[in-house]
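Dear colleague,

I am handing over the structure we talked about, and you will find it just below. My notes on what was found in it follow, and I would be glad if you read them with the model open.

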Protein chains: 2
Amino acid sequence: MNLSMTELETYIQSYFGVSPEDLAAIASQFKEKQCKKGDFLLKTGNHCDELSFIQSGLIRIYVNTQEKEVTQWISSKGYFVTDLSAFVFDNPARWNMQALTDMKLYTISKKDYRLLGKDIPKWHELEKLFIARCFAFLEERIFSHLSMSAEERYQLFFEQNKSLFNEVPLQYIASMLGMTPETFSRIRKKSIQS
Amino acid sequence: MNLSMTELETYIQSYFGVSPEDLAAIASQFKEKQCKKGDFLLKTGNHCDELSFIQSGLIRIYVNTQEKEVTQWISSKGYFVTDLSAFVFDNPARWNMQALTDMKLYTISKKDYRLLGKDIPKWHELEKLFIARCFAFLEERIFSHLSMSAEERYQLFFEQNKSLFNEVPLQYIASMLGMTPETFSRIRKKSIQS
DNA sequence: ATTTTTTCTTGATATAGATCAAGAGGACCA
DNA sequence: TGGTCCTCTTGATCTATATCAAGAAAAAAT
């Protein structure tokens with residue numbers, strides 16, 4: 001067992017609650033990978049052949065439409081990142097994934113990922129739970145758009161992700177919350193003053 | 001094999017591409033169930049112990065917040081319906097599910113559903129694919145809220161769900177698209193005139 | 001250090017969409 | 001057959017948020 005991978009293992013363990021043997025088998029398929037600020041881990045339209053765990057750094061998931069650039073999410077240390085639906089269904093990727101900082105990742109190829117399904121009996125169940133969590137997460141977001149104002153979405157996100165506000169261009173956070181940078185700036189000002 | 005369940009089987013088959021034996025095993029665990037207009041299949045805060053396939057009828061998924069009622073979705077013939085994250089994680093349900101019409105369902109209990117995982121080797125993989133599709137569906141919806149106006153969301157939804165507009169109170173569609181009934185009505189008027 | 005580029009703020013204005021209020025049309029009932 | 005309720009529409013107004021434009025501040029580059 002590679003000691004330097006403890007963090008990944010800890011995460012997988014806490015997330016999935018797998019046995020030590022399975023844990024080792026899973027973690028061993030992840031390879032360390034680094035990338036530089038500005039690098040693309042994925043571009044819209046390409047195959048999404050990797051799933052990565054973020055050891056350090058920040059990555060932005062976004063897409064360009066005719067009119068504007070839409071940031072879907074910013075993912076940080078301790079989270080997995082991929083274009084899930086492209087990864088699962090082999091569709092062309094919808095999202096760009098670009099490093100906002102230099103990064104350290106643990107990465108598994110789709111091929112190796114799928115082989116885990118053959119070696120580890122519980123694998124598909126773990127996968128299912130992982131995807132179900134992603135689903136629950138999106139459901140929360142949909143709800144926030146159906147029921148909350150821009151200001152309420154700002155407050156909620158701020159409470160849950162304070163640190164991100166010092167680490168990335170705020171315009172990206174504005175976009176992922178579904179508002180313009182100007183509106184974001186005004187809400188932020190009001191929020192700081194009070 | 002119960003002939004009256006062909007529709008469910010057809011659906012499972014097309015959705016999951018399972019073998020005839022597995023298909024029969026899966027379908028046999030679903031029980032026919034009827035319910036009347038206005039009945040609740042699930043209420044917010046309760047356990048979600050069932051997954052249902054809609055043979056006929058319409059069901060509304062919604063929740064009450066302090067200020068207002070938020071319709072998440074309206075589900076119709078040929079679709080599965082449950083509070084997915086409550087069903088998977090045994091959380092208290094977020095959503096109410098209420099029949100908008102008399103309905104015919106095929107229903108499986110959570111207990112039987114989970115037993116399928118023991119009997120059918122591919123089950124967890126099928127489950128995973130099902131949940132991943134639900135994820136992809138929500139991802140589309142998030143994207144529509146991040147990138148589109150109320151009018152654009154209306155148009156898109158109308159193209160994809162024309163028939164629903166004759167079948168349910170329009171205020172519910174308005175809510176699931178994230179706009180008021182008044183705005184919905186005005187957009188609709190404009191859309192019909194042109 | 002100075003320049004260049006990017007990001008953020010601020011003001012002025014415009015617009016999409018919400019809210020409030022009232023009425024019209026249907027459906028369901030008794 | 002006339003209510004009662006529910007749903008939808010319409011107008012008037014209001015408000016949240018977008019847009020446009022410019023400058024300030026911060027970060028990156030040279």
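**Salt bridges**

In chain A, the side chains of A:Glu159 and A:Lys162 meet in a salt bridge, with N to O at 3.2 Å; the term stands for a side-chain nitrogen of Lys or Arg within 4 Å of a carboxyl oxygen of Asp or Glu. A:Lys162 is partly exposed, at a relative accessible area of 43%, where buried means under 20%, exposed over 50% and partly exposed in between, taken with a 1.4 Å probe on protein chains only.

Please keep in mind that this is a predicted model, in which local features need pLDDT of at least 70 and side-chain atom pairs count only at pLDDT 80 or more, while totals for chains, interfaces and linings use all residues. Residues are numbered from 1 along each chain as its sequence is written, chains are lettered from A and ligands numbered from 1 in the order in which they are written, and side-chain values use heavy atoms, with hydrogens and water left out.

In chain B, B:Lys162 forms a salt bridge with B:Glu159, the closest N and O atoms being 3.2 Å apart, and B:Lys162 is partly exposed at 43%. A further salt bridge joins B:Lys110 to B:Asp90, with their closest N and O atoms 2.3 Å apart. This pair links distant parts of the chain, 20 residues apart, since B:Lys110 lies in helix α4 (residues 110-119) of chain B and B:Asp90 in the loop between α3 (84-89) and β7 (96-99); helices (H or I, at least four residues) and strands (E, at least two) are DSSP runs, numbered from the N terminus. B:Lys110 counts as buried at 8% relative accessibility, whereas B:Asp90, at 38%, counts as partly exposed. Over all chains, a search of the whole structure finds 22 salt bridges.

**A buried arginine**

A:Arg153, in helix α6 (residues 150-160) of chain A, is buried yet has no salt bridge, and the nearest side chain of opposite charge, that of A:Glu152, is 7.2 Å away. For charge, Lys and Arg count as positive and Asp and Glu as negative, with His and the chain ends not counted.

**A hairpin in chain B**

Strand β4 (residues 58-64) of chain B pairs with β5(B) in the antiparallel sense over seven bridges, where pairing requires that DSSP finds at least two bridges between two strands. The two strands form a hairpin with four residues between them, and B:Asn64 stands opposite B:Glu69 in β5(B). Six of the eight residues of β5(B) (residues 69-76) are buried, so this strand is largely enclosed by the rest of the structure.

With best wishes
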